[in-house]
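Good morning, everyone, and thank you for making time for this. I would like to walk you through one structure, so please have a look at the sequence and the model before I go on.

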Amino acid sequence: MAARRSRKGRRRNRGRFGGLYKLLSILLILAAIILGCVVFFRVNTMLVEGNSRYTAEEVIAASGVQQGDNLFALNKSHMISQILTRLPYVDDLSIQRKLPDTLVFYVTESVPVAWVESGGTCWLLDHRCKILEAGDSSLTENLPQVMGLTPLDPSVGGRLTVAPEEQNKLDQLREFFTAIGEMQMTGSLTGFVDLSSENEIRFGYGADLTVIFPLNGDFDQETYELKRALESMDERGIARAGTLDQNYEGRVTHLLPDRWLPGQPDPTPEGEGGGETEPPAASESPQGENNADE
């Protein structure tokens, strides 16, 4: 009996310590893997793709990475934050490790779409209203001026900020730039983007046309309707001149013969002494709505 109890005790001990041995083995293997990563996987090659405004050397320097740094010890979130802060024209960025020793930076750069004046300085904006650059009027060639907003303490690399009472207009401006950009119509913005009205956004389009959108409208829908209206005008031989007003109920578009420009009285609707309205042809929205001024 005593012998059987002794054998059972030894088996229990082996089972108990067997689990401990397995755990220690796993820990030793993990430690060896980590040690191998620390010793062997060090940055030797750094590549930058998608850059044009900044050199590869500038992007790498802004990241703070040095040759010989451990590839797996790098904090990618911190590196991205460093680059976005130090290089304003970088709009988006991703970083990829490629074993055994390569780090690749994929850069998407911002493009200025407009500018705003503050303190006698011109501040360039991208579609997110990030401030890309500051200087004199030589920076603003062929770009529209944002009017009706008062910047607060603008700084290169930061987002445009305004007083709380103007925040909604700034939010709508960002959505407007995004919608126009998705339609690939940003390059036709000219002269001004005016937010001085409480319920409209007015902007120059091409050489001789002013377009009016509702301030709190669906800009994806509005830009689609603008594109269709312009196509219809071209087909009918109607000059792109005057004021194309889309801020009417029922998605009706009016083409007013006189062009509105900043500093002038508000555009005069049809029937109030503003002259004859020449409507564009009917344009169909994605929902199949008719957008003609009858």
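This is a predicted model: local features need pLDDT of at least 70, side-chain atom pairs count only at pLDDT 80 or more; totals for chains, interfaces and linings use all residues.

Residues are numbered from 1 along each chain as its sequence is written, and side-chain values use heavy atoms, with hydrogens and water left out.

Strand 10 and strand 11 run parallel and are joined by five bridges; two strands count as paired if DSSP finds at least two bridges between them. On the other pairing of strand 11, three bridges link it to strand 12, residues 254-256, in the antiparallel sense, and there D245 stands opposite H254. Strand 11 covers residues 241-245, and four of its five residues are buried, so the strand is largely enclosed by the rest of the structure; buried here means under 20% relative accessible area, with exposed over 50% and partly exposed in between, using a 1.4 Å probe and protein chains only.

Which residues touch the most other members of the largest nonpolar core? Of its 36 residues, they are V146, L173, F176, F177, F203 and L226, a nonpolar core being a set of buried Ala, Val, Leu, Ile, Met, Phe, Trp, Tyr and Cys residues joined through side-chain atoms within 4.5 Å. Several elements supply at least two residues each, among them helix 4 (167-182), strand 10 (208-214) and helix 5 (219-236), and helix 4 gives the most, with six residues. Leaving aside residues up to four places away in sequence, F176 touches L189, V193, I201, F203, F213 and F219, where contact means heavy atoms within 4.5 Å. A second, separate core has 25 residues, including V48, M79, C122 and L143.

Finally, there is an open sheet of three strands, ordered 1-3-2 with mixed pairing. Strand 1 (45-49) and strand 2 (90-98) stand at its edges with a single partner strand each, so one side of each is left without a neighbour in the sheet. Strand 2 pairs with strand 3, residues 102-109, in the antiparallel sense over eight bridges, and L93 has V107 as its bridge partner in strand 3.
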